[in-house]
Amino acid sequence: MRDPADGLLRKTLTTVLGAWGSDPTSWDGMMLRAVAIVIHRNWDTIDLPSLSLTLKQEPVGVWKDSAIKDTVSGGGSQSRSIPLANNIAYEYTVAFGPKHGPAFGPPKRRKTKTVTVAA
C-alpha cells in the first residue's frame, strides 16, 4: 500500500500493541491488514493513540466476528479485512471524529449478480 520507508508497518504494529499489548491474538493477520488499511486511507489525519483506544474497546475476536456478517463473499481473510476496516473506521469516527475528523474505510465491495434473460 505504501513505500516501506513511510512506516505503515511500524504504525500498524505500534497501534495494535497499544490496543491489546503483546497478547498473541493481537497479531492476527486479518486484524493487522484491517488496521493497516484504516491507517493508509487516513494517513494524514488519523490519530494513532485514538485508534488504539478505539480498538481496545473489544478483543480481536469480537471485531472479527462483527466483520464476518458484513462480508460479501463469506470467506477469505482479505474479503473480511474490508468490512473489518470499515467497522474500525466507523467506531473511530463515532468516538474521535469530532476531535480528529472522520476516518474512512475502504470502498465496500458489492455482490455482483449474473442475470440470465430468457430469449
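This report describes the helices, the core, the surface and a few residue pairs of one protein model.

The model is predicted: local features need pLDDT of at least 70, side-chain atom pairs count only at pLDDT 80 or more, and totals for chains, interfaces and linings use all residues. Residues are numbered from 1 along each chain as its sequence is written, and side-chain values use heavy atoms, with hydrogens and water left out.

## Overall make-up

The protein has five helices and zero strands. Helices (H or I, at least four residues) and strands (E, at least two) are DSSP runs, numbered from the N terminus. Read from the N terminus, the order of elements is α-α-α-α-α.

Of the 119 residues, 40% are buried. Here buried means under 20% relative accessible area, exposed means over 50%, and partly exposed lies in between (1.4 Å probe, protein chains only). The accessible surface of the protein is about 7,100 Å², and carbon and sulfur atoms hold 56% of that surface. Accessible areas come from the Shrake-Rupley method with a 1.4 Å probe; for residues, only the protein chains shown count as cover.

A contact is a pair with heavy atoms within 4.5 Å. Among contacts in the protein with a separation of 6 or more, 66% join residues 24 or more positions apart.

## The nonpolar core

A nonpolar core is a set of buried Ala, Val, Leu, Ile, Met, Phe, Trp, Tyr and Cys residues joined through side-chain atoms within 4.5 Å. The largest such core has 27 residues, and the members that touch the most others are Trp-20, Met-31, Val-35, Leu-51, Leu-55, Leu-84 and Ile-88. At least two residues of this core come from each of α1, α2, α3 (48-56), α4 and α5 (77-100). The largest share is that of α2, with nine residues.

Leu-51 shows what such a position looks like in detail. Apart from neighbours within four places in sequence, Leu-51 is in contact with Thr-15, Val-35, Val-38, Ile-39, Ile-46, Ile-88 and Tyr-92.

Because Tyr-92 and Phe-96 are four residues apart in helix α5, about one helical turn separates them.

Tyr-92 is buried, at 1% relative accessibility, and Phe-96 is buried too, at 17%. Gly-101, in the segment after α5, touches both Tyr-92 and Phe-96, not counting residues up to four places away in sequence. With 19% relative accessibility, Gly-101 counts as buried.

## The salt bridge

How many salt bridges does the structure hold? There is one. A salt bridge is a side-chain nitrogen of Lys or Arg within 4 Å of a carboxyl oxygen of Asp or Glu. Side chains of opposite charge can pair when their charged atoms come close. In this model Lys-64 pairs with Asp-28, and the closest N and O atoms are 2.8 Å apart. The pair links distant parts of the chain, with Lys-64 in helix α4 (residues 60-68) and Asp-28 in the loop between α1 (8-20) and α2 (29-41), 36 residues apart. Lys-64 is partly exposed, at 21% relative accessibility.

## A nonpolar patch on the surface

Leu-9, Leu-13, Leu-17 and Trp-27 make up a nonpolar surface patch with about 380 Å² of accessible area together. Patches are made of residues with over 30% relative accessible area and no salt bridge: like charges are joined within 9 Å, nonpolar side chains (Val, Leu, Ile, Met, Phe, Trp, Tyr) within 5 Å.

Leu-9 is in helix α1 and is exposed, at 61% relative accessibility. Leu-17 is in helix α1 and is partly exposed, at 42%. Leaving aside neighbours within four places in sequence, Leu-17 is in contact with Ser-22 and Trp-27.

Lys-99, in helix α5, is exposed at 68% relative accessibility.

| Pair | Separation along the chain | C-alpha distance |
|---|---|---|
| Gly-101 and Asn-42 | 59 residues | 9.9 Å |
| Leu-17 and Trp-27 | 10 residues | 8.8 Å |
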